[in-house]
Amino acid sequence: MIQELLWWVFAALGLGGAIGMISGRNPVASLLFLVLSFFSLAAIYVLLGAHFIGVAQVIVYAGAIMVLFMFVIMLLNLGHDYHNDVRRGAWIMAGFVSSGLIGFALSRVLGDAPATADNAAPAIEASVRELGAVGAIAQPLFREFLVPFELTSILLLVAIIGAVMLAKRRI
Amino acid sequence: METRTLILSAILFSLGVFGVLIRRNAIILFMCVELMLNAVNLAFVVFSRQAGIEGQVFVFFVMAVAASEAAVGLALIISIFRHLETVDIKNFNLLRW
């Protein structure tokens with residue numbers, strides 16, 4: 001019961017944050033609305049039983065990535081940049097595309113989707129009880145997904161080197 | 001709760017697409033892309049309740065890709081800002097036909 005109530009509260013906060021981000025004129029305000037949206041999504045992950053993902057969402061997204069955005073906004077001094085940057089002619093096309101996407105997704109979710117039986121939820125909960133919230137993710141991550149995990153580290157290294165190469169004045 | 005969360009994820013993704021289409025500030029475009037990645041993460045977490053814990057592992061990979069994308073993209077924005085003194089994409093017309 002309380003979970004249902006919390007779900008509605010955080011879903012409303014997440015949607016409100018997203019709408020505020022798109023409609024905000026000031027980049028700093030947009031960024032703070034996006035942080036609100038990401039925190040609400042972290043709460044929804046926890047409500048769905050994905051505790052580790054919820055914590056990683058707060059640390060990685062709402063912490064690291066958003067601080068990076070904030071640094072760039074302050075570095076480029078865009079906080080006073082209030083000139084209108086909304087494309088005037090794109091409203092109709094954007095509304096058409098987005099409502100088409102929502103309609104397609106809703107027809108897939110509500111139409112021919114099978115009844116949402118939580119097949120794997122009891123197994124996940126048992127694994128969280130046995131191994132802890134981190135261990136339940138770490139077991140498949142370091143067994144079946146070991147090669148993609150190592151490739152992720154190469155990806156992050158390439159991203160670091162690329163970012164330094166692009167942003168540095170003289171190498 | 002699962003069906004409602006999938007609908008929320010669809011709406012958030014469409015809001016991200018809407019933002020990418022109507023805004024011209026490059027930093028806000030990047031924020032909208034992050035919003036779309038988060039909507040996909042939400043769908044992955046919902047499906048992990050039906051298909052197993054692997055969905056949450058994929059969310060982990062998506063977060064790593066999003067972090068690298070943000071780092072490289074913001075470095076690109078800084079390097080473009082040095083040349084053009086703006087982040088409005090209507091001025092980025094060197095590769096536009």
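Predicted model: local features only at pLDDT ≥ 70, side-chain atom pairs only at ≥ 80, totals over all residues.

Visitor: Which element of chain B gives the most to the side that touches chain A?
Guide: The contact takes 68 residues from chain A and 61 residues from chain B, two residues being in contact if their C-beta atoms, placed from the backbone, lie within 7 Å. On the side of chain B, the elements giving two or more residues are α1, α2 (26-51) and α3 (54-84); helices are DSSP runs (H or I, at least four residues) numbered from the N terminus. With 22 residues, the element that gives the most is α3(B).

Visitor: How many residues on the side of chain B that touches chain A are charged?
Guide: Ala, Val, Leu, Ile, Met, Phe, Trp, Tyr, Cys and Pro count as nonpolar, Asp, Glu, Lys and Arg as charged, and the others, Gly among them, as polar. On that side of chain B, 42 residues are nonpolar and 12 polar, and the number charged is seven.

Visitor: How are α4(A) and α1(B) directed relative to each other?
Guide: Helix α4 (residues 91-111) of chain A packs against helix α1 (residues 2-22) of chain B at an angle of about 160°, with axes 9 Å apart. Axes are lines fitted to C-alpha atoms over the stretch in contact, and angles run from 0 to 180 degrees between N-to-C directions. Angles under 35 degrees count as roughly parallel, over 145 as roughly antiparallel, 65 to 115 as roughly perpendicular and the rest as oblique. The angle therefore makes α4(A) and α1(B) roughly antiparallel.

Visitor: Which hand does the crossing of α1(A) and α2(A) have?
Guide: Helix α1 (residues 2-23) and helix α2 (residues 27-47) of chain A pack at about 155°, with their axes 8 Å apart, and are therefore roughly antiparallel to each other. A crossing is left-handed if the near helix is turned anticlockwise from the far one by less than a right angle, and right-handed if clockwise. For α1(A) and α2(A), the crossing is left-handed.

Visitor: How far apart do the C-alpha centres of domain 1 and domain 2 of chain A lie?
Guide: The domain assignment, with bounds from an automatic or database source, gives domain 1 (1-82) and domain 2 (120-171) of chain A. Their C-alpha centres are separated by 21 Å.

Visitor: Is A:Ile53 buried or exposed?
Guide: A:Ile53 lies in helix α3 (residues 51-75) of chain A, and touches A:Tyr45, B:Val45, B:Gln56 and B:Val59, not counting residues up to four places away in sequence. A residue is buried if 20 or more other C-beta atoms lie within 10 Å of its own, exposed if 12 or fewer, and partly exposed in between. Because A:Ile53 has 26 C-beta neighbours inside 10 Å, A:Ile53 counts as buried.

Technical notes: Residues numbered from 1 in each chain as written. Chains lettered and ligands numbered in written order.
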